[in-house]
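Reader: I'd like to go through this one with you, starting with pockets and then backbone angles. Could you take me through how to read each feature?

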Amino acid sequence: MKKRIVDGVDIVRGSGNVYADLALPDAEKLKLKSDLVIEIRKAMRRLGLTQQAAATRMGISQPKVSDMMRGDFCRLSERKLMDCIKRLGYDIEIKVKPVSRPVGHLVLAVA
């Protein structure tokens, strides 16, 4: 992370993953889940779905959709979130490739 001082205040540019910046365990997993929830919200808006209609279409309860919209997605697995987004009309492709670093990372690329 890059650090600079502006008007006497230390400014640190984030890594792009707030969970990693906060040193939370499973930061990449949390980032992936939050990115999926963002896309679910966009799809709901694009389709004009209420929480109840989205819940029915995604196969989950309306309270779970409400939790998701408020940023509480801890009780939903990545697999369930991917199932939800598929039910909203998205395709999901998983690409695996070797990296030059000792440990790879997860990235959600939206087309």
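Reader: How much space lies in the largest pocket?

Author: Keep in mind that this is a predicted model, where local features need pLDDT of at least 70, side-chain atom pairs count only at pLDDT 80 or more, and totals for chains, interfaces and linings use all residues. Residues are numbered from 1 along each chain as its sequence is written, and side-chain values use heavy atoms, leaving out hydrogens and water. A pocket is an open set of points on a 1 Å grid over the protein atoms alone, where a 1.4 Å probe fits, with protein on both sides within 12 Å along at least five of seven lines; lining residues have an atom within 4 Å of a point. Volume is the space filled by probe spheres set on the points, which are joined across faces, edges and corners. Here the largest pocket holds about 980 Å³.

Reader: Which residues lie nearest its centre?

Author: E93, K95, V107, L108 and A109, out of 24 lining residues. Helix 2 (27-47) and helix 5 (78-87) are the elements giving two or more residues to that lining, and helix 2 gives the most, with three. Helices here are DSSP runs of H or I, at least four residues, and strands are runs of E, at least two, numbered from the N terminus.

Reader: Where is D7 found?

Author: Most residues other than glycine have a negative phi. D7 has a positive one, near 50°, and sits in the loop between strand 1 (3-6) and strand 2 (9-12).

Reader: Is D7 buried or exposed?

Author: Exposed, at 78% relative accessible area (buried is under 20%, exposed over 50%, partly exposed in between, with a 1.4 Å probe and protein chains only). A23, in the loop between helix 1 (18-21) and helix 2, also has a positive phi, about 60°, and is exposed at 64%.
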